[in-house]
Amino acid sequence: MLLIHCPWCGLRAETEFRCAGPVKPPRSEFIDKSDEAWLEYLYQADNRRGILEEYWCHEKGCGEWFKLRRDTATHEIMDGDTDS
Amino acid sequence: MRSDQRYSIFTLIGGAVRAHRNWKPAWRNPQPKKQYDVVIVGGGGHGLATAYYLAKNHGIHNVAVVERNWIGGGNSGRNTAVVRSNYLRDISIQFFDKSLQLYEGLSRELNYNIMLSQRSEVDVLLTTVSMRNMRRRALNMNRLGIEFQMLTPDQVRQRIPILAPMENCRLPILGGSVQERAGIARHDAIVWGYARGADSYGVDIIQNAEVTAIRRGEDGAVTAIETSRGRIKTNKLAIATGNENAAVASLVDLRLPLRCYNLQAFVSEPIKPVLDVVVNCPDLGVYLSHSDKGELVIGGATDAQQISFRKGGKFPMLEDTVSGLLELFPSFRRLKLMRQWGGALEFAQDGSPIVSATEVKGFYVSAGWWGGFKAIPAGGMTFAHLIARDEPHPLAAGYGMERFSTLNYLLEGGTTVPTD
């Protein structure tokens with residue numbers, strides 16, 4: 001079991017959390033530009049080996065959203081950060 | 001097929017007489033040539049099947065399959081070997097049923113025993129959601145003339161006598177569905193059979209060659225690849241590299257709409273025969289079959305939340321899968337799991353595969369094959385058609401990448417987790 005450090009609740013079990021995928025620039029940066037930019041926002045994810053910055057939600061706990069960095073090859077979790 | 005050593009009962013007896021010292025390697029291990037008509041990157045089932053059908057159906061023999069490790073060492077060797085065609089959309093049903101039909105004739109065609117066992121797959125359904133989902137599949141498939149039928153709870157129990165007694169079920173069995181032609185096949189044999197078949201047509205299988213760069217001409221078209229075993233010139237480069245598709249495509253600055261998620265499987269200790277069908281339970285997120293060695297091969301649901309390339313599993317999913325398994329089969333509670341492994345499934349945004357040319361001239365992609373083992377024959381056949389003729393095979397015409405910009409999605413769902 002992975003333990004994830006929620007910035008509000010401390011170390012908790014992975015099953016309490018939900019991952020919402022890699023961090024992207026805000027939608028406003030895509031939506032009014034072009035069809036291609038919008039399709040890019042819809043479909044493209046940073047699908048690669050290595051450390052990704054992701055949105056996570058402590059869904060079955062405090063319900064807060066935060067960002068953390070995770071290695072997609074090993075599932076190792078780096079420190080989270082709270083400014084989101 | 002031509003092969004300097006066809007296998008038959010006579011070669012087997014001959015081998016026995018000569019203490020099995022007469023067998024030759026089933027494929028060559030050649031040095032890469034300077035130039036090929038087509039280079040396929042990825043020596044898994046799809047890559048090798050593509051090479052085989054390029055040679056057999058289209059007469060293109062000057063083909064190389066370039067593999068970073070050894071052939072069949074990636075997801076072709078990590079799946080649970082189930083073949084079936086009970087999909088949701090017309091195009092998927094027809095595509096995967098063609099694949100199943102090709103599997104049915106493959107041992108004879110390749111002169112290589114793929115150990116196809118069409119023992120049927122029974123879906124045990126515990127909720128109205130999955131009943132509705134499977135009934136929809138059955139109606140769609142029957143409309144296309146492909147066999148798939150619903151079962152009553154009694155018929156489910158008749159086919160799987162070892163299921164938990166009714167009074168112990170948290171969720172009662174509402175019904176089931178069955179595809180009689182579904183089953184399992186030997187995954188390594190598929191890879192080796194296609195490798196041997198392709199090799200006999202003169203295809204070069206080049207192992208331990210990692211692609212490090214892709215060279216392009218002034219018009220942007222592919223001209224050559226750089227590998228750890230030297231430069232290989234080609235005007236047609238096809239990739240079927242499973243989890244690595246996005247990474248290889250990034251060498252030509254192409255971004256593919258793909259995500260990789262973790263899936264894991266387990267094998268129990270060998271036991272006496274208890275199950276003669278493949279069992280799938282979408283509501284508990286577990287499926288299993290009894291292998292010829294006596295081990296139960298158990299698969300769980302995809303961990304479709306986090307991008308993952310890890311070749312291992314995760315304990316929460318193990319726990320979920322095992323608790324689902326024990327709910328269906330309480331008698332397995334003392335069974336020991338011997339091995340456990342995981343791998344990455346590659347998904348396109350809409351859950352359907354991508355068999356497509358790209359905006360880079362001479363660069364073809366076969367990707368998004370989560371559950372791609374059952375698709376190997378049709379995937380190879382249609383990809384070969386696309387590469388050889390530069391137009392999609394009618395069966396895979398909807399699998400082009402342009403569907404993401406024209407919004408012609410082919411939403412497809414798995415059977416282990418209900419999607420509706």
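What is the accessible surface of chain A, and what share of it belongs to carbon and sulfur atoms? The accessible surface of chain A comes to about 4,800 Å², of which 48% belongs to carbon and sulfur atoms; accessible areas come from the Shrake-Rupley method with a 1.4 Å probe, and for residues only the protein chains shown count as cover. The model is predicted, with local features requiring pLDDT of at least 70 and side-chain atom pairs pLDDT 80 or more, while totals for chains, interfaces and linings use all residues. Residues are numbered from 1 along each chain as its sequence is written, chains are lettered from A and ligands numbered from 1 in the order in which they are written, and side-chain values use heavy atoms, without hydrogens and water.

Chain A contains two helices and six strands, arranged along the sequence as β-β-β-α-α-β-β-β. Helices (H or I, at least four residues) and strands (E, at least two) are DSSP runs numbered from the N terminus. The C-alpha trace of chain A spans about 40 × 25 × 20 Å along its principal axes. Of the 84 residues in chain A, 36% are buried, where buried means under 20% relative accessible area, exposed over 50% and partly exposed in between (1.4 Å probe, protein chains only).

A search over all chains finds 26 salt bridges, each defined as a side-chain nitrogen of Lys or Arg within 4 Å of a carboxyl oxygen of Asp or Glu. In chain A, the side chains of A:Arg70 and A:Glu54 form one of these (2.8 Å, N to O). This pair links strand 5 (residues 65–71) with strand 4 of chain A across 16 residues of sequence. A:Arg70 is buried, at a relative accessible area of 0%, and A:Glu54 is likewise buried at 0%. A:Glu53, also in strand 4 (residues 51–57), is partly exposed, with a relative accessible area of 33%. A network of salt bridges links A:Arg49, B:Arg68, B:Glu210 and B:Glu244.

In chain B, the largest nonpolar core has 59 residues, and B:Tyr53 and B:Tyr194 have the most contacts inside it. A nonpolar core is a set of buried Ala, Val, Leu, Ile, Met, Phe, Trp, Tyr and Cys residues joined through side-chain atoms within 4.5 Å. Elements of chain B that each supply at least two residues of this core include helix 2 (45–58), helix 4 (106–110) and helix 7 (187–200). Neighbours within four places in sequence aside, B:Tyr194 is in contact (heavy atoms within 4.5 Å) with residues including B:Leu48, B:Tyr53, B:Leu110 and B:Pro377. A second, separate core of 30 residues includes B:Tyr36, B:Val41, B:Ile354 and B:Phe363.

Helix 2 of chain B is mostly covered, with 11 of its 14 residues buried; among them are B:Leu48, B:Tyr52 and B:Tyr53. The end C-alpha atoms of this helix are 19 Å apart, in agreement with the 20 Å that its 14 residues should span at 1.5 Å a residue, the expected span being 1.5 Å times one less than the number of residues. Helix 2 is followed by B:Gly59, whose phi is positive, near 65 degrees. B:Lys56 of helix 2 is joined to B:Glu109 of helix 4, 53 residues apart, by a salt bridge (3.1 Å, N to O). B:Lys56 is partly exposed at 37%, as is B:Glu109 at 22%.
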